[in-house]
Amino acid sequence: MSLITKSKSSEQAVIKCESLYKIFGDNPELMLKKSLDSVNAKEFQDAGYVVGVNNASFEVYKGDMLVVMGLSGSGKSTLLRCISRLTEATSGKIFIDGEDLLSMNNKQLIELRRNKMGMVFQSFALLPHKTVLENIAFPLQVKGSSTEDSIKKSMEMVELVGLSGRENYFPRQLSGGQQQRVGIARSLAVEPDIWFLDEPFSALDPLIRKEMQDEFLRLQSILNKTILFVTHDFDEALKLADRIAIMKDGIIEQLDTPANIVLNPATEYVRKFTEDVPREKVLKIESVMDPLKKSEKLSNLKVPYDALIEDVAEDVLSQSKPVGVLDGNQKVIGVVYSSKVISVLFGKRTSNENKNM
Amino acid sequence: MNYFIKYPKLSQFVILLILFSLLCILINPSENNFLWRFPSLIAGLPHLINDSVSYLMYDFMPIDVYDPEIEEYEERPLIKEFTRTLSGVILFCIVFIREILIGGVKTIVFFTGWDFIREHKWLYWPALPWTVVAIGTIILGYSLRGKGLALLAGCATMYIAIFGQWEPAMETLSFVLIAAPVSFALGLFFGVLGYKNKTVETLLNPLLNVAQTMPHFSYLVPAMVFFGVGDHAGALATIIFATPPMVRLTMLGLKNVPSEVVDAGKMSGCSEFQLLYKVLIPTARRDILIGVNQVIMQCLAMAVIASFIGAKGLGFNLLLALNQLRIGQALELGVCIVLIAVVLDKLSLAWADKQTDYFADKSFIERNKYKLVFLAVLLFGFLLAYLGTFIFKEGFNYFYIIPHNKGITTENFWQAGVDWIWDTFFFTLKAFNEFLIIKILMPMKHAYLSMPVVATFLLVMGVGYIIGGVKSSLIVGGFILFIALTEWWDRALITAYMTTFGVLVSAIIGIIVGSLCAQYKISSKFILLVCDTFQTFPSFIYLIPVIMLFGVTDTSVLIAVIVYATIPATRYTVEGLRGVPQSLQDAGSMSGVNRLQRYIRIELPLAFPHIMLGINQTVVFALFMVIIGAMIGTDDLGQYILKALSDKKGIGNGLTLGLCVAFIGLAVDHLIRTWSIKRKSALGIL
Ligand SMILES: Nc1ncnc2c1ncn2[C@@H]1O[C@H](COP(=O)(O)OP(=O)(O)OP(=O)(O)O)[C@@H](O)[C@H]1O
Ligand SMILES: [Mg+2]
């Protein structure tokens, strides 16, 4: 994991926020100035202001998926809306591909949205008077593409999200899951680099939600977009995220890989949040791997170094001999002992183990 | 005593009543006692309005205009020139539509001149044969909703044709077809403006409130002053009258567009303009089309009343018939107007409910089948009309157009009916009439008129205070202060007395009928349908049958008021009672109350705030009707508005009187609304 992060820091961030603030109220600028950069949500609330985003700084790199997590009202949507400039940030800086988003004029902003951004909404937000195909073609038509081109492109999108045969339906004739597929297809129609998703699966029932998550991972494996994904479902975050940002009262409490968030919570709040998360869901084989000893006899089973413990535990435990760990080039680089796996699955969390990471 | 402590409002109210009675007794009725009647401090307001208007019309900003007649530049005031041009444009549009429907030469004259027509006698714009218009309406009805609506449209057009009212009906229609689209466009424009801009919205809201409580007549006077007399003036008054509900519904509809849909539009890269036309308006389509329906209904109601300032059509004929007391004819005309109203209402509602179909897979024929059928009908109609020239050799070609009053008429039948009623029930009716006037109306009127002005203020502001605190008290006080300072306080009291009487009776009837009908689903549906239908009738129409029965008296007006104003009372009672949550009703049934107890203890209290909103509507309806009743002779504010119409300098009086009526309505509206909202939130059903 660390290897990957290092290689990325040399290239330019696709999204970059620097001490971003969003405060709701009558005169937020003045209020912010008075607070001298130490914004306290409670004090602001007493003064009749609501803190949406509080001093957020982070970067997202190409092909990365950052999942923003937090309870209701923690400011996730507000953060997303600031970065898509659906609301104006109160202070701070946002760079999209190195360009200053907040200094763009209306025209530049529209250009940016037409070419680089796509967004999926919790309540789907489809246009009720347009069919599936027309909804998907909408961003293209707004952009001024020819009808022929936009229909062709939209048909591709319909196929991509698996709605073939329903392109002439109206939104009201579709189920929630299908409507959200349309929402996804629409947001992808202009082939954006950046993909915003605000709780896209929250309005769906659990079975459909799981199906849509798998679908989403499939799409991402093909498309490799830079993604900002908002959810309040921790399982969903773990399943999808490269990195997770946990928000509380507008503050990003911690921004890290799922494993680090679970194993090394930065604040008490994050610790509470992640307490009940089964660690096999976030830990990879890497983290319980021991160095290879020459003399040792290994089982025939081999597991990749980046497999989640959850996924391979059963196989590893069914072996009588230690299991070899493969790196990306199918070379054995270490071994896993069942005892370690068992301790992750059933053992108490110890500080010692944390250091292992 | 405990009772008073438990209900502080009740004790406040009792104290208020005691004070009120004391004031009534103590204050000495004399012209010079300002506690009895306020001096009319703003009696000058009408003059002020008159002067400013005539300044605007005749002296403000003269501009040079080229006059082709005298081939010279002439100095003319800007506003007058503007209104003249506007009148011209509107008039041209009306005549144009009218001639499409019933033929004529004026459109051609407009482009060429009368001389040209005289030289070319053959030049004449042919009318659409009435068969084409009739079948066209049927096709439209069928395409929008299906057989039922087609049948209704068919019957209506047949009736109009057969009874020889085709021409005036088309005149009225041409009037509506111009006024409605203009109102629609204006309403949409201001609605969008109000949606986009908070300041505009706060400015618009009070204006809309006043505009929607001003009686129809008040729109006629300014229209006449600025635009003269004729179809165009009527159309312009109609446009101003019909626009406010459109503005309201547009703002409402746009506000109801889910914010995520707006965001989705923005993220798709819409510009402001694209967002409005491709996202906001289509998504708010239903509300906006309901607005169109309102516009059409208002236009039709006004089209009848606009006959006072020279608009042609059914309304004009109706007015004539009423003046000559030709009840039978008035009745036929009334039915025509009602039929047009119902058909237009149903057509526009069907349009609003219709979801646009996606035509991707359909062939050209399938996509345009209705248009093609209409084209066929058009050809067929002209062919038939041509054949008609051979069949009806002399006289009129009934396949082409049915001339005015050359159809069948049932006038004599109705006249005989009326005579029979008069002969048979004369004494009963007369007795009832006299009883009502002598025993109820006169004493009531007298009581109202013998209220000292301070006592009235105390009562109204006191009720305001009890309902909504100091703020409400000041608001309603402000409204009636305006009236008290004009010279028409006594007239306003008479209007108030008639309205009160009408509202009381309407409310009682409405609540009883509504409660009975609300017991069963089927009867609720039925009564709502009846209310819907009656509500589409232009208010004017209600006067016809009552004049038939009671002649031209206060009783007639009051009965018309009661019939008209009972509609909202009934409707809201049914809606309110049906809207009581089932769980609460079940809870009542479980605790073993019987039907009547459940009604009195559970349903009625819960439904009452909603019923009060109905009473609110009842007040507005009653006020409108009382004012319209002036046409057949009452001595309230309406009579004076009517007089203003025939007065050269009537605009000041007309507007001020209109404001008086509006303010009575707004004061009541404010009180009831405030009460209803408080009560609803107290009951937790908001
Ligand atoms: N337009 C607004 N005006 C005032 N306050 C706002 C506005 N939008 C959001 N807020 C406030 O900002 C805070 C953060 O809201 P936000 O919508 O970002 O929460 P969220 O994390 O997305 O919650 P949820 O999971 O419910 O969507 C909340 O306290 C909310 O009340
Ligand atoms: Mg949210």
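Trainee: What makes domain 1 of chain B and domain 3 of chain B count as being in contact?
Mentor: Contact means heavy atoms within 4.5 Å. By that rule, 28 residues of domain 1 of chain B are in contact with 26 residues of domain 3 of chain B. Before we go on, this is a predicted model: local features need pLDDT of at least 70, side-chain atom pairs count only at pLDDT 80 or more, and totals for chains, interfaces and linings use all residues. Residues are numbered from 1 along each chain as its sequence is written, chains are lettered from A and ligands numbered from 1 in the order in which they are written, and side-chain values use heavy atoms, with hydrogens and water left out.

Trainee: Where do the bounds of the domains in chain B lie?
Mentor: An automatic or database domain assignment supplies such bounds. For chain B it gives domain 1 (8–37 + 437–446 + 454–680), domain 2 (49–119) and domain 3 (170–328).

Trainee: What area do domain 1 of chain B and domain 3 of chain B bury between them?
Mentor: Buried area is the accessible area (1.4 Å probe) that two parts lose on being put together, summed over both. Here that comes to about 2,400 Å², with 90% of it on carbon and sulfur atoms. On the domain 1 side, B:F540, B:F624 and B:L645 lose the most area to domain 3 of chain B, together 26% of what that side buries.

Trainee: How many salt bridges are counted between domain 1 of chain B and domain 3 of chain B?
Mentor: The count is zero. A salt bridge needs a side-chain nitrogen of Lys or Arg within 4 Å of a carboxyl oxygen of Asp or Glu. By class, the side of domain 1 of chain B that touches domain 3 of chain B has 23 nonpolar, five polar and no charged residues. In this scheme Ala, Val, Leu, Ile, Met, Phe, Trp, Tyr, Cys and Pro are nonpolar, Asp, Glu, Lys and Arg are charged, and the others, Gly among them, are polar.

Trainee: Why is α28(B) called largely enclosed?
Mentor: Helices (H or I, at least four residues) and strands (E, at least two) are DSSP runs, numbered from the N terminus. Buried means under 20% relative accessible area, exposed over 50%, partly exposed in between (1.4 Å probe, protein chains only). Seven of the nine residues of α28(B) are buried, so the rest of the structure largely encloses this helix. B:I641 and B:L642 are among them. The buried residues pack against α11 (216–227), α22 (489–517), α27 and α29 of chain B.

Trainee: Which residues form the salt bridge between chain B and chain A?
Mentor: They are A:R81 and B:D263, with the closest N and O atoms 2.4 Å apart. That distance falls inside the cut-off, so the pair qualifies. About 2,100 Å² is buried between chain B and chain A, 61% of it given by carbon and sulfur atoms.
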